[in-house]
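Dear colleague,

Please find below the structure that I am handing over to you.

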Amino acid sequence: MLSVKNILTVTHYYPGHGGGIERVAAKLQEMLAAPDTHFTWAASDCDAPPAIPGVKPMPMRTNNFIERTSGLPVPLWSLDSLKELWRAVEVHDAVWLHDTLYIGNIVAYFAARHFKKPILITQHTGPCPFRSVTLRALLPMLLYLVSTPMLRFADHVVFISDFVAEFFRARASLPHARMVPNGVDSTIFRPVDDAERERLRIAHNLDPDQPVALYVGRFVARKGLPVLHELARKMTHINWVFAGAGAGRGSTLDPARWQHRNVLTWHNIGQGALARLYQLADFLVLPSVGEGFPLVVQEAMACGLPVVCSEDAASGSYAARGYFTTLPVDISHVAATAKLWETAITGNLSGGPATAQRRAELASFAANMWHWDHVAAIYRELLHAS
């Protein structure tokens, strides 16, 4: 083991962009930074980097027009930034990539191979059924030609979900890969009693006696926003609360623009405020496709919140899927999907709010299954073994 490890972390964005991958990267570096472990974090300069002791930000000059115009999170880093990234790989002891199909991650990977630096890849995502016929055909090709070889020749690979691990292991021999789900901070994400739930609803201008459905995530089509738009329009007896950010802000995918009286929207809120939304809601709703295992599902369960999600999202954790209500999602047939989800949600609400016992059961499962200390210990071992 080296006395000091200088590690270069590469993600597509910083946490201010609102994605789960970036939040996970931030949490892990915060926990792993130490006198013998220093990090440099390269990511797009679209958002301000967080201030984390022991983590030096390295913002990459970025053109983010693809996300602005299409909703696809594909930042394009400038040539000068990519040259800077290449040089940074040379002077660091190891490279830690979060996902594979981003230009910065690919360049950092080849630089690490060139300079013979150890590579750790955390693979969060797998295939995604885009609406576009072109993208549906292109993504499997890229996963096979780019992602799979990167994973095969990395020194260490961590999958955060069963679905993603199964997908890539079916395409390549990956004996060095491990399945390590993300953790949840149970000091922030925890259940509250009925009296506190009522107080939180009143504080958020919500009727304590009206059901509350919560969505957390980026406002993009593949997360199911068109389906949720249709549900909010039809199910007016439910308060629909949205917390998120992303390409949809300022577009028709941003719930703040829907002008429905039963829709409330929060943009870019902190973890404490987010936990309060989980605590006041009746259920989390997530009709997303192409997921790994969404961090928001884990956070919701830690707060004792029942989850209604897509089959894609539930397949991220075989151990937990028995705790979810799971439904199919077809993003090219919004009306039919919304009708199916409307029936299921109505059925879930027919018995009234989840009991205190049910909420405690969900929270207990999450606390025992997903603990950041355990996750950080595994990554510490991998990074120092490099």
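**Findings**

Of the 386 residues of the protein, 53% count as buried, where buried means under 20% relative accessible area, exposed over 50% and partly exposed in between, with a 1.4 Å probe and protein chains only. Please note that this is a predicted model, in which local features need pLDDT of at least 70 and side-chain atom pairs count only at pLDDT 80 or more, while totals for chains, interfaces and linings use all residues. Residues are numbered from 1 along each chain as its sequence is written, and side-chain values use heavy atoms, with hydrogens and water left out.

**Overall fold**

The protein contains 14 helices and 15 strands; these are DSSP runs numbered from the N terminus (helices: H or I, at least four residues; strands: E, at least two). Its radius of gyration is 21 Å, close to the 21 Å that the globule rule gives for 386 residues, so the protein is as compact as a globular protein of that length. The radius is taken over C-alpha atoms, and the rule is 2.2 Å times the number of residues to the power 0.38. Along the principal axes, the C-alpha atoms fill a box of roughly 60 × 45 × 40 Å. Among contacts (heavy atoms within 4.5 Å) between residues at least 6 apart in sequence, 68% join residues at least 24 apart.

Helix 6 spans residues 162–169, and its buried residues are Phe163, Val164, Ala165, Phe167 and Phe168. The cover over these buried residues includes strand 7 (119–123), helix 5 (133–153), strand 8 (156–159) and strand 9 (177–179).

**Aromatic pairs**

The whole structure holds 15 aromatic pairs. Rings of Phe, Tyr and Trp (its six-membered ring) pair if their centres lie within 6.5 Å; planes under 30 degrees apart count as stacked, over 60 as edge-to-face and the rest as tilted. One of the pairs joins phenylalanine 159 and phenylalanine 168 and is stacked, at 6.0 Å centre to centre and 10° between the planes. Phenylalanine 159 is buried, with a relative accessible area of 0%, and phenylalanine 168 is likewise buried at 0%. Phenylalanine 365 and tryptophan 370 form an edge-to-face pair, at 5.6 Å centre to centre and 85° between the planes.
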